[in-house]
Amino acid sequence: MTATLDIATVQAFLLVADLQSFTRAAEALGTTQAAVSLKLQRLETLLGKRLVERSPRAVRLTADGAGFLDRARVLIAAHDRALSGEAPAAQSLSLGISDHAAGPELVPLLERLHAMSSNLTLAVTIGFSREMQDAYDAGELDAVIVRQEGSRRGGEKLTEDEFGWFASRRFTLPKGEALPLATLAPPCGVRAVAVRALDKAGLAWRERFVGGGVTAVVAAALAGLAIAPLARRIAPPGLVDIGPAHKLPKLGSSKVMLHSKVSDPAKLAALRAVAATFRSAAGAN
């Protein structure tokens, strides 16, 4: 009897390959890690090849797995066309992301969305959490990834960030001078938290640099111009948290939330990959 590939099993393999994690693939499929692992074992047994290498820190494709990857994508694409009777229609997903939440996940996020579907047009907007939330509430965005602010409820928690006071390693603050800050302009929620903490502690501060985006704020801090309140997750290696050394007030933590109105299966799959990407920053495979 001729062996037959199971579509659901091949789809599970593609998710493991794209997300590089059994845990994240299980989240994207709405199942358990054990179920995904069992699917992969069956696929490897059927093909007579080892497709993935598992380790405590990573899941990587073997040479055979990399060779099977393109064929698996062709199979799933053909399956989708067979179901629809035609080439899948291009779809658009409008996603708003808080500038202070985007961080290093943005590149792998876009890579994985592209790998999942070349027919999905992404319209990504980066801005203040409040502005992204307002646009979402007004129906202008399908989904948003924002920092939880005020008493807003609902949404799906992606990760929780710890904040610190980041500056260049060569940064020095002359004694008696006001603390020079590099921040986004109002209504940035992170700026508001930082200023409120300094005022409450009775520490003098001044705006040394106001950036139009977090990239500019980070550049100012790296250049030694000022201190930037940033999440540890998005602070680059060239910056250090000088809060303890200068006895600056603690900034606490903030939840990163996903809010979505999406019901289309393809868009839902994309958003599950988005959620898995952010959780990968804090979780293990």
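Modeller: Helix α8 contributes six residues to the lining of the second largest pocket, the most of any contributor. Bear in mind that this is a predicted model.

Colleague: What else gives two or more residues to that lining?

Modeller: Besides α8 (189-201), the elements are α5 (99-102), α7 (129-137), β6 (156-168) and β11 (253-260).

Colleague: How many residues line the second largest pocket, and which lie nearest its centre?

Modeller: The lining has 26 residues, with Arg 147, Glu 149, Gly 189, Val 190 and Val 193 nearest the centre. The space in that pocket is about 370 Å³.

Colleague: And the lining by class?

Modeller: It splits into 10 nonpolar, nine polar and seven charged residues.

Colleague: Where does Lys 247 lie, and what is its phi?

Modeller: Lys 247 is in the loop between β10 (239-241) and β11. Its phi is positive, near 55°, and the residue is not a glycine.

Colleague: Buried or exposed?

Modeller: Lys 247 is exposed, at 73% relative accessible area.

Colleague: Different topic. Which residues touch the most other members of the largest nonpolar core?

Modeller: Phe 13, Val 16 and Ile 145, out of 43 residues in that core. Helix α1 (residues 7-19) gives the most to this core, namely eight residues. Apart from this core lies another one, of 31 residues, including Val 190, Ala 197, Ala 226 and Ala 228.

Colleague: What is Val 16 in contact with, beyond its sequence neighbours?

Modeller: Outside four places in sequence, Val 16 is in contact with Ser 21, Phe 22, Ala 25, Val 36, Leu 40, Val 52 and Val 59.

Colleague: Phe 22 and Ala 25 are on that list. Which residues of α2 are buried?

Modeller: Phe 22, Thr 23, Arg 24, Ala 25, Ala 26 and Ala 28. Helix α2 (residues 22-29) is largely enclosed by the rest of the structure, because six of its eight residues are buried.

Colleague: So what happens at the ends of α2? Which residue caps the N-terminal end?

Modeller: Ser 21 does: one of its side-chain oxygens is 3.2 Å from the backbone nitrogen of Thr 23. Ser 21 is also one of the residues in contact with Val 16. After α2 comes Gly 30, which has a positive phi, near 70°.

Notes: Residues are numbered from 1 along each chain as its sequence is written. This is a predicted model: local features need pLDDT of at least 70, side-chain atom pairs count only at pLDDT 80 or more; totals for chains, interfaces and linings use all residues. Side-chain values use heavy atoms; hydrogens and water are left out. Buried means under 20% relative accessible area, exposed over 50%, partly exposed in between (1.4 Å probe, protein chains only). Helices (H or I, at least four residues) and strands (E, at least two) are DSSP runs, numbered from the N terminus. A polar contact is a pair of N or O atoms within 3.5 Å; within protein, one must be able to donate a hydrogen and the other to accept it, and residues adjacent in sequence count only if both atoms are side-chain atoms. A nonpolar core is a set of buried Ala, Val, Leu, Ile, Met, Phe, Trp, Tyr and Cys residues joined through side-chain atoms within 4.5 Å. Contact means heavy atoms within 4.5 Å. On a 1 Å grid over the protein atoms alone, a cavity is a set of points where a 1.4 Å probe fits but cannot get out, and a pocket is an open set with protein on both sides within 12 Å along at least five of seven lines; lining residues have an atom within 4 Å of a point. Grid points are joined across faces, edges and corners, and a volume is the space filled by probe spheres set on the points. Ala, Val, Leu, Ile, Met, Phe, Trp, Tyr, Cys and Pro count as nonpolar, Asp, Glu, Lys and Arg as charged, and the others, Gly among them, as polar.
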